[in-house]
Amino acid sequence: MIVGVHPLAGFDRLLHYRVPETLHATVQAGSLVRVPVLNQLRLGVVGEIGAPKDFPVERLKLVAQVVHPFPALTPDLLKLAQWMAGYYAAPLDGIIETMIPAAVRSGAGIKEEKLLSLVRPLADEEAVALAKRAPQQAKLCAFLAQQYRPQRKALVLQRLGATAAVVAALVKRGLVREETRRVVREAYADDWAGGELAASTPPRLNAEQAAAVAALGRKIEEEKFGVSLLHGVTGSGKTEVYLHAIDQALKSGGGVIFLVPEVALTPQTVARLRSRLEAIAPGHKCVVWHSHLSEGERLDGWLALAAGESRVVVGARSAIFAPVRDLRLIVVDEEHEPAYKQDETPRDHGRDVAVYRAKLNRAHCLLGSATPSLESYANARVGKYGLLELKQRVDDRKLPHIDVVDMRIEIMRSRGPTSLSQKLVRAMQDRFEKREQTILFINRRGYSSAMLCSDCGHVEECAHCSISLTYHRADERLRCHLCGDERAAPLVCPKCKSPKIRWRGLGTQRVEEAVRRVVPRARIERMDTDTMSKKNRFREVLAQFRAGKIDVLVGTQMIGKGLDFPNVTLVGLVDADISMHIPDFRANERTFQLLVQVAGRAGRGDRAGEVIVQTFTPQAGAIQFSRHANYAGFSEVELKVRQDFGYPPFRHLMHHLFRGPNPEKLKFFAEQWARLVETELGTQLELRGPSPSPIEKIKDHYRWQLWYLTASVTRVIPELSRLRREFAWPDDITQVLDVDPVSLT
Ligand code: ADP
Ligand code: ZN
Ligand code: ZN
């Protein structure tokens with residue numbers, strides 16, 4: 001038996017090995033093995049069985065070891081890895097490595113136990129004879145004869161006070177059977193279960209939900225590849241739809257992957273999902289998959305799926321690589337979330353990988369969001385994806401109304417800079433009197449260095465790229481991060497000639513202080529990456545907030561995702577402008593998403609919610625459309641702009657980053673490279689740049705970047721990769737290619 005192995009050793013080739021007789025039974029495609037590579041044993045994954053014709057098989061080395069009895073990669077995962085390597089222009093071995101959890105790769109940590117059972121009952125005279133000769137052995141046989149199922153060896157020995165030699169003698173006589181079984185830790189029942197496991201009675205689906213579930217049921221039954229986009233307003237009960245679809249997939253004998261953004265993976269959501277799932281589909285253990293699992297827990301979850309003991313996994317991005325068998329359905333909740341994008345090589349997008357994995361399995365992929373990405377929405381509009389809509393909140397709850405406060409007027413009124421408007425202050429005081437809760441969001445996505453006029457709200461944009469220009473303090477210039485166009489920063493607003501130009505947004509700390517001044521007796525807690533460096537602290541604060549021990553929660557978007565607090569009746573967004581003026585063509589989309597999602601946190605209980613948004617540019621489309629969560633209106637306008645500029649979803653974007661210690665040299669090679677690409681591939685892609693990166697220098701390494709816009713990634717990548725190999729890069733310049741980046745900053 002010959003196998004082709006992908007060694008996880010830093011080079012992209014299939015190497016062939018001979019499989020020794022003893023391993024024939026366990027080696028299959030996807031098996032994790034140890035093989036000699038350059039005189040060292042390295043891990044590898046079996047990519048194919050057999051060898052090319054006329055292959056000199058005599059001189060092949062031997063596979064040394066099989067790490068796991070189960071294949072580390074199912075056949076579809078092997079194909080998925082190959083697709084990713086091509087699409088993201090990333091090395092295959094690195095992708096394979098990320099697909100297999102470290103705990104599995106190490107091969108360690110499998111807990112096993114030995115079980116004993118009687119091979120056959122002893123005849124009476126046989127038992128008497130044995131009791132005379134070897135009383136210990138007889139005792140053990142008598143004990144086992146009374147048991148219905150195999151007994152754990154350790155326990156038996158302990159109870160009878162016997163030694164392992166007694167067992168060995170009985171095994172030798174052929175009276176007792178000893179077998180090894182893998183111990184399944186209660187991988188699922190960790191502290192994530194929380195106290196909410198007592199299954200709440202499932203709600204009855206409303207008409208919209210039922211229609212969506214029925215449509216999905218038909219798709220799942222078809223066993224054909226397809227994608228549905230579930231566009232449901234906040235609080236419309238999308239989760240119930242997911243759960244029913246999952247139930248259908250399980251009932252039809254298939255496996256399921258349920259992806260949620262990592263930030264949404266709070267103990268509460270997981271507990272709720274699991275209890276509901278186990279109520280809907282009794283007898284199904286749901287494996288939980290996230291970055292805080294211990295190695296042992298992850299291994300157990302992985303084994304449960306690989307062995308087919310469990311057919312459903314809930315998890316963050318990496319769960320898309322879980323070894324689920326007979327995959328029938330993949331659900332991607334909050335599909336618009338940038339968190340699905342991996343920020344390290346291979347820089348894959350979890351949602352896009354989900355769609356492709358579904359395709360490989362002829363499974364259905366269900367994408368859900370209140371604010372779908374324009375990429376997915378465009379696919380739904382042209383009929384590539386099915387569109388399912390939930391337009392109403394459950395139980396006739398009202399969507400909260402968004403009140404937009406014009407901060408230009410507020411600043412004139414207060415005769416000086418202020419972070420909280422009168423309206424927001426009064427609303428907070430009112431909630432505090434009523435013992436209702438408030439969430440204040442400070443939007444700190446990216447950094448704010450756009451030029452914003454506090455008198456007229458004007459923001460300087462690039463004429464070629466329709467993104468805001470970025471202020472560079474060092475030389476007081478404004479630059480476009482897409483095309484590199486630049487000019488001197490003006491001292492007065494180019495539109496209204498006012499000198500009141502703002503550069504920076506507000507920090508959470510300053511807002512927290514301002515809140516303390518206006519509601520001095522309220523219990524206030526701040527939640528941002530500075531205060532929340534410890535994971536437990538995050539959970540703790542959320543638990544306190546849920547228990548009503550905090551009146552006002554001040555924080556970044558990290559508190560906005562998937563959380564459901566019924567007593568929150570006021571949500572404030574302190575500075576809507578920051579996300580709107582990040583130098584990114586998705587700035588409007590992000591702002592709209594943020595506003596709608598943030599507003600969706602209010603009024604989830606029986607009381608109506610109020611949302612107050614502060615901005616210097618109240619007339620902006622992203623803000624106006626979000627007031628009534630008008631997704632259709634917003635996307636129509638925004639898609640038009642994207643089309644005019646040829647931005648995603650109409651073309652694909654790629655980002656090429658160059659890094660090096662010498663700025664002149666870096667600039668020179670970036671420009672040389674750009675010229676080469678322009679000459680060789682100019683008909684297939686459009687270049688923007690090269691230009692210095694938004695962060696021009698990190699750890700003494702300068703950074704330049706280049707953008708490509710193209711109609712087809714799959715057509716361009718092979719050519720681009722070839723040029724990258726052939727171009728004479730100096731040793732001190734490194735480069736990173738990012739296909740379909742989710743952020744330009
Ligand atoms: P979404 O994800 O669409 O914002 P959720 O799935 O979180 O909404 O549902 C919001 C709340 O409504 C949850 O507490 C859920 O249990 C409840 N819910 C869902 N469907 C129904 C229904 N048909 N009737 C009553 N309550 C429901
Ligand atoms: Zn102005
Ligand atoms: Zn530009």
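Is E460 buried or exposed? With a relative accessible area of 11%, E460 is buried, where buried means under 20% relative accessible area, exposed over 50% and partly exposed in between (1.4 Å probe, protein chains only). This is a predicted model in which local features need pLDDT of at least 70 and side-chain atom pairs count only at pLDDT 80 or more, whereas totals for chains, interfaces and linings use all residues. Residues are numbered from 1 along each chain as its sequence is written, chains are lettered from A and ligands numbered from 1 in the order in which they are written, and side-chain values use heavy atoms, with hydrogens and water left out.

- E460 is located in the loop between strand 18 (452-453) and strand 19 (470-472); helices (H or I, at least four residues) and strands (E, at least two) are DSSP runs, numbered from the N terminus.
- Leaving aside neighbours within four places in sequence, E460 is in contact (heavy atoms within 4.5 Å) with M451, S468, L469, L478, R487 and P494.
- The side chains of E460 and H458 make a polar contact at 2.8 Å. A polar contact is a pair of N or O atoms within 3.5 Å; within protein, one must be able to donate a hydrogen and the other to accept it, and residues adjacent in sequence count only if both atoms are side-chain atoms.

**Ligand 1**

- The shell around ligand 1 has 18 residues, of which R204, Q209, G235, K238 and T239 come nearest; a residue is near a molecule if one of its heavy atoms lies within 4 Å of it.
- By class, this shell has four nonpolar, seven polar and seven charged residues. Ala, Val, Leu, Ile, Met, Phe, Trp, Tyr, Cys and Pro count as nonpolar, Asp, Glu, Lys and Arg as charged, and the others, Gly among them, as polar.
- Helix 9 (residues 238-251) supplies the largest share of the shell, three residues.
- A nitrogen atom of ligand 1 lies 2.7 Å from a backbone N or O atom of R204.

**Nonpolar cores**

- The largest nonpolar core has 112 residues, of which M99, W673 and Y708 touch the most other members. Such a core is a set of buried Ala, Val, Leu, Ile, Met, Phe, Trp, Tyr and Cys residues joined through side-chain atoms within 4.5 Å.
- Helix 1 (residues 75-87) contributes the largest share of this core, eight residues.
- Not counting residues up to four places away in sequence, M99 touches L73, L77, L80, A81, M84 and F321.
- Another core, of 28 residues, lies apart from it and includes L216, V260, L277 and L329.

**Backbone geometry**

- The peptide bond from T345 to P346 is cis, with omega near 10°, and P346 lies in the loop between strand 13 (327-333) and helix 12 (350-360).
- A cis peptide bond also runs from G689 to P690, with omega near 5°; P690 is in strand 28 (residues 685-698).
- R435, a residue other than glycine, has a positive phi near 60°, and R435 counts as exposed at 52% relative accessibility.
- A629 is not a glycine, yet has a positive phi of about 45°; A629 is partly exposed, with a relative accessible area of 26%.
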